[in-house]
Amino acid sequence: KAIFNLAAETHVDRSIDSPKNFIHTNIFGTFSILESLRYLKKKSIFSKLIHVSTDEVYGDIKEGLRSDEKHRYEPSSPYSASKASADHLVKSYIRTYKLKAVISNCCNNYGPYQFPEKLIPKMISNIFSNKELPIYAKGKNSREWIHVEDHCEALFRLYLKGKNGESYNVGTGVNLRNIDLIKRILKICKNMNIKIGNKTKIKFVKDRPGHDFRYALDNKKIFKFLKWKPKIKLNEGLTNTITWYLN
């Protein structure tokens, strides 16, 4: 038996406006799971926890570098700080109570069913609705993207073969500036003959507080030891995602 903990408050902007929910869900929620699993361990009816975290716990990564699993935690927002706290709780229960658990630190996800407060579905929705495409500062912030199906494959691999007590970075190794991502989405929409309205233009807005410039994961560990690699190329994944929202 295994538990996959994917439950979290995840939107950085909301964590800045109202941190309390993030502390409650991401820290106390994880604590509640761990306490339940500690009880179940005594009853010998629990095998493994897969705890899903984020690349944001590592903080801002300088150009040319990528954060491996031993990189120090330097969270910048209430969201990433709450996820870092949850990671530390999981690690403490592994050591103190001998719980079996692994941690996944994943890059930005995209794909079907994603709530439209997130960047990609928000841009797609605004294109469909002939609205402006707001982007922070000059859009030069760099992110690494993975299709949700590739992430799910990685999590299942962690369940099957992930070593107890270890963290694994789950990433594609492909970074893109936000401005370039939005331009790519617009280009794909045009190629799909989706009408781009006269109000659908990129609009630069005031940057959010403490905005990390770049996230970038070193994914060699999961490649080498678990033989996992992402399968879905970004253009293919974006096209499928746009089609899903269109339907």
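# Notebook: a walk through a predicted model

**Entry 1: Tyr-58.** I began with Tyr-58, which sits in the loop between S2 and H3. The names come from DSSP runs, numbered from the N terminus: helices are H or I runs of at least four residues, and strands are E runs of at least two. Before going on, I noted that this is a predicted model, where local features need pLDDT of at least 70, side-chain atom pairs count only at pLDDT 80 or more, and totals for chains, interfaces and linings use all residues. I also noted that residues are numbered from 1 along each chain as its sequence is written, and that side-chain values use heavy atoms, with hydrogens and water left out.

Is Tyr-58 buried or exposed? Tyr-58 counts as buried because its relative accessibility is 0%. The cut-offs are under 20% relative accessible area for buried, over 50% for exposed, and partly exposed in between (1.4 Å probe, protein chains only). I then listed its contacts (heavy atoms within 4.5 Å). Asn-105 is 47 residues from Tyr-58 in sequence and 9.4 Å from it in space, C-alpha to C-alpha.

Entry 2: Gly-64 counts as exposed because its relative accessibility is 66%.

Next I looked up Ser-47, in the loop between helix H2 (20–42) and S2. With a relative accessible area of 27%, Ser-47 is partly exposed. Not counting residues up to four places away in sequence, Ser-47 touches Lys-1, Ala-2 and Lys-100. Ser-47 and Leu-99 lie 52 residues apart in sequence but 8.4 Å apart in space, C-alpha to C-alpha.

Which residues of H6 are buried? They are Asn-178, Ile-179, Leu-181, Ile-182, Ile-185, Leu-186, Ile-188 and Cys-189. An α-helix has 3.6 residues a turn, so residues three or four places apart point the same way. The buried residues of H6 pack against helix H4 (119–128), strand S5 (133–136), strand S6 (142–147), strand S8 (175–177), strand S9 (202–205) and helix H8 (234–246).

**Entry 3: the cores.** A nonpolar core here is a set of buried Ala, Val, Leu, Ile, Met, Phe, Trp, Tyr and Cys residues joined through side-chain atoms within 4.5 Å. The largest one has 21 residues, and Tyr-110, Ile-120, Leu-181, Ile-185, Leu-238 and Ile-242 touch the most other members. H4, S5, H6 and H8 each give two or more residues to this core. H6 supplies the largest share, seven residues.

I followed up Ile-120: it touches Tyr-110, Trp-145, Leu-181, Ile-185 and Leu-238, not counting residues up to four places away in sequence. A second, separate core has 20 residues, and Tyr-58 from my opening entry is among them, as are Val-52, Ile-146 and Ile-222.

**Entry 4: empty space.** Rolling a probe the size of a water molecule over the atoms shows where empty space is left. The search uses a 1 Å grid over the protein atoms alone: a cavity is a set of points where a 1.4 Å probe fits but cannot get out, a pocket is an open set with protein on both sides within 12 Å along at least five of seven lines, and lining residues have an atom within 4 Å of a point. Points are joined across faces, edges and corners, and a volume is the space filled by probe spheres set on the points.

How much space lies in the largest pocket? I noted about 1100 Å³. Its lining has 42 residues, with Thr-10, Asn-108, Asn-109, Gln-114 and Lys-118 nearest the centre. H4 gives the largest share of that lining, four residues. I sorted the lining into 22 nonpolar, 11 polar and nine charged residues. For this, Ala, Val, Leu, Ile, Met, Phe, Trp, Tyr, Cys and Pro count as nonpolar, Asp, Glu, Lys and Arg as charged, and the others, Gly among them, as polar.

There is one cavity of 30 Å³ or more. The largest cavity holds about 40 Å³ of space, and Val-12, Glu-56, Arg-208 and Tyr-215 are among the residues lining it.

**Entry 5: positive phi.** Most residues other than glycine have a negative phi. Tyr-113 has a positive phi, near 70 degrees, and is found in the loop between S4 and H4. Ala-137 has a positive phi of about 50 degrees and lies in the loop between S5 and S6. Asn-193, which follows H6, has a positive phi near 60 degrees.
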